[in-house]
Structures are given as structure tokens and as C-alpha cells.
Amino acid sequence: MNARVALIAMTAIFFMWGFITELNDVLIPHLKSVFSLNYRQSMLIQFCFFGAYLVMAVPAGRVVAHVGYKFGIVIGLLVAGGGALLILPAAQIGAYNLFLPALFILATGIVLLQVSANPYVSLLGAPQHAASRLNFAQAINSVGHTIGPAVGGALIFTTTHLTVTELAALPAAQRAQTVQPLYLGVALALIALAVAVYLFRLPAHGEATEKADPQRHTFIEVLRHKHVRWGVLAIFLYVGAEVTIGSFLASYAMRPDIGAIAKADVGFYVSLYWGCAMTGRFVGAALLLKLNPRRMLGAYATINIALLLATIFSSGEFAMWSVIVIGFFNSIMFPTIFTLVIDRLGPLTPKASSLLVMAIFGGAVIPFLQGHLVDFLQADVGNETTALQYAFVLPALCYAYIVWYGLRGSRVGAPAASIA
């Protein structure tokens, strides 16, 4: 199988994990309502989901180093499918605490996919076009991000054929069960993909794994490269900012003095946020063939800071759309930072990839911190909308660091140990 066909197979996987990840943005407000949670408690969904990136990234890297990219992808799909199946009994019992470990296991499978598929796609062609190629794959990932909230929201609210008001009148356990058909479908799709990938004859690209190098490499060796150290932090803060905005968008858009969006329609607006990212990634894949990725990264992060300041100091639909448009300028950040970090690392690539995937833990920490911040501000100012707006200063600070990384911190230098 040639590289082009292999890239097509990979894009299907990128789509699936994007779809799964963004189901959380609908699950959060749904379970918040079902179990009467505050913002901090509802953000435990993202904390457990993205917490898997911190806990499981190193083991995932070892698995990939041992079995290779193809079987790492197959194992990841099967583990994610198992996690999706575990959501079914959690919903049947109607216990919020049981959703959290199921989501952790589901995310563990996605961690394996991240460690395997991101570097694999970057190797499927000319090195100078790696950023463009990974941006294209991430654009397909964004299609999943875009469709996920809309499909998830529709299924959750239409499975029982009840209106939103009638659904709200049901006991918590029955309302929780409305997520079962959605996650059953996800599990079956993941298992089917695992079987398909197992049967594909994918190019090995073993030269970029530790199996091709008799020398044992350590994470300390990788972290001697300054652009890797700063890049790991950049991924942590970027994913934290992106996930935070997506996680709070539904609650923000439903505020009567912001978007006044009905709960049943909120999945559509969350999909628009990710749809902007999807569009931006297709555009970015083309632009990165001609433009400097470091400068584009800095420029896009600067624009996002301006958009967050706009939503903090405005109201009504303008404030809502200022947040949604951020998705477009998020578009190139993850794949661009990723390719800047693994540039010319050779057999150190899997170790660096594991560190970058571990840094996705920012998607657990930053939303959880913002949940605390919103609860604190709401208690202080007595206005939920104001609290939500002021808390957006947190992702703005994350983007400020990314501006610096794009323009300065991403420059490749000699490893620290070799500098006299």
C-alpha cells in the first residue's frame, strides 16, 4: 500500500477520535443538568478524559516503540472501543462517578492513537511538507470535532422522542440513559476500524522508532533540546485553552445576555466553533506550503488574544461569536507545534511524541482551573455571565505564551548537554 492510501486510512482514524473527543462538550452540560453539578464538578469529565494523556502517554509510547505504529493504532482503537462500551452500564445505573473511569479508558485508547498516528502521518511523504500533511490530517480530525457535538446533541435529546421539558422531568437515571445509543455506535465504529487497520498493509517507517536504533534513549535526552521543552509546555497550554473554550461555550451561549441559545440547539453552536477550526485547518494546510509556520503560529495566537478580550468586554451575540471564531485561529496550532517539536529528532521522535501527547493533559487542568475560577467569581460578583466572561482571561494567557513559542521558543538549537 502506498503512502497516499495509508494517509487516507489515517484520516478516518483522525476523524473518529475528533468525533469522540467533542462529544464531551455536549456531555458536560447534559450531565451537569442531570446530576445538578456545579462548574467545577462538571469539569471532572474533561479532567478524567484528558488526565489519561498524563498518566498513559509514557506507557503508550513504550507500546508503540515495542509493537510499531500499525499495531499501536489497532490496540488504541480497541481500548477506546472498550471504554465506549463501559459508558453503557454507567448510564444504565445513572451514576456520575461511573462515567469518569469509562471516559478515562476511552481516552487511553485515543492516547495510543495520538502517539502512533501523529508521527506516522508526518512520515508519510516529503519531510518539508510534514506540517502541511499533519495539518490536513488534523483538518479531517476537525470534521469529527465539528460533527460530534451536533450529532451527540441531537441523539441525546431525540432518543426518547420527548421534548426538552419532558426529558427534564424524568428521573436522573433515565435521563442519563439517553447517551447509550450514541456510545454504542461509537464502540462499534472503533472496533470496525481496528479490524480494517489490522488488515491493511501499512508502510512500516521503522526507521523513526527506537526499534531501528540499538542505543536506548531517555526522556532526559529528549528534553535537552530547548525547543522540545518549550514545545511540550506550548501543547499543554494550547490544548488547555482550546478545550476550555469548547467546554464553556455551551453554558456561555445559553446565557440570556449573551446568545440566549436554547439547550436543544446548543450542540449546533459548539459544532460551529469546531467547524471554524476545520475550515482553518484546510486553509492552513495550503498556506503552510508557502508561509513560515512559526510566524503563522504567532500571528494566529495574537488574534485569539484579541478575540478573547473582545468577548470579555462586550455582550450579546457579538460576545458569543467572538468566542466561536477563535476556532478558526486555533486551527493550525496543534499540528504546527507538534511538527516544530519533532523536527530532526530521528529515533528520538517516539519519546518526543509521548511527551507531547502527555502535555495534552492541559485539556484536564486548564478547564478545571477555569471551573474553579467561574465558581469563585460568581460567588464574588453575584453574576454568572460576568464570571464566565472574566474567566476567559485564563486562555488568553495561554495564547500569550504560544505567541512567544512561535516567534522565539521553537527555534531548533543544539542539545543542552552539547553546549559548552
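Let's start with Gln370, which counts as buried because its relative accessibility is 0%; buried means under 20% relative accessible area, exposed means over 50%, and partly exposed is in between, using a 1.4 Å probe and protein chains only. You'll find Gln370 in helix α16, residues 362-381. Helices here are DSSP runs of H or I with at least four residues, strands are runs of E with at least two, and both are numbered from the N terminus. What does Gln370 touch, leaving aside its neighbours within four places in sequence? Its contacts are Thr244, Phe248, Ala391, Phe392, Leu394 and Pro395, where contact means heavy atoms within 4.5 Å.

A quick word on what you're looking at: this is a predicted model, in which local features need pLDDT of at least 70 and side-chain atom pairs count only at pLDDT 80 or more, while totals for chains, interfaces and linings use all residues. Residues are numbered from 1 along each chain as its sequence is written, and side-chain values use heavy atoms, with hydrogens and water left out.

Now for the core. In soluble globular proteins, nonpolar side chains tend to be buried together. A nonpolar core is a set of buried Ala, Val, Leu, Ile, Met, Phe, Trp, Tyr and Cys residues joined through side-chain atoms within 4.5 Å. In this model the largest one has 143 residues, and Met10, Leu77, Phe99, Leu106, Tyr183 and Tyr399 have the most contacts inside it. Helix α3 (residues 44-93) supplies the largest share of this core, 20 residues. Take Phe99: not counting residues up to four places away in sequence, it touches Leu31, Phe35, Ile87, Ala90, Ala91, Ala176 and Val179.

There are holes to explore too. A cavity is a set of points, on a 1 Å grid over the protein atoms alone, where a 1.4 Å probe fits but cannot get out, and its lining residues have an atom within 4 Å of a point. Which residues lie nearest the centre of the largest cavity? They are Trp17, Gln114, Asn141, His145 and Glu242, out of 18 lining residues. Helix α10 gives the most to this lining, with four residues.

Next, the backbone. Most residues other than glycine have a negative phi. Ser36 is not a glycine, yet it has a positive phi of about 50°. It lies in the loop between α1 and α2 and is exposed, with a relative accessible area of 65%. Ala260 also has a positive phi of about 50° without being a glycine. Its place is the loop between α10 and α11, and at 51% relative accessibility Ala260 counts as exposed.

Finally, look for links across the sequence. The structure holds one salt bridge, meaning a side-chain nitrogen of Lys or Arg within 4 Å of a carboxyl oxygen of Asp or Glu. Glu384 forms it with Arg255, and their closest N and O atoms are 3.3 Å apart. Glu384 lies in helix α17 (residues 384-390) and Arg255 in the loop between α10 and α11, so the pair ties together parts 129 residues apart in sequence.

How values were computed. 1 Å grid on protein atoms, 1.4 Å probe; cavity = no way out; pocket = protein on both sides within 12 Å on 5 of 7 lines; lining within 4 Å.
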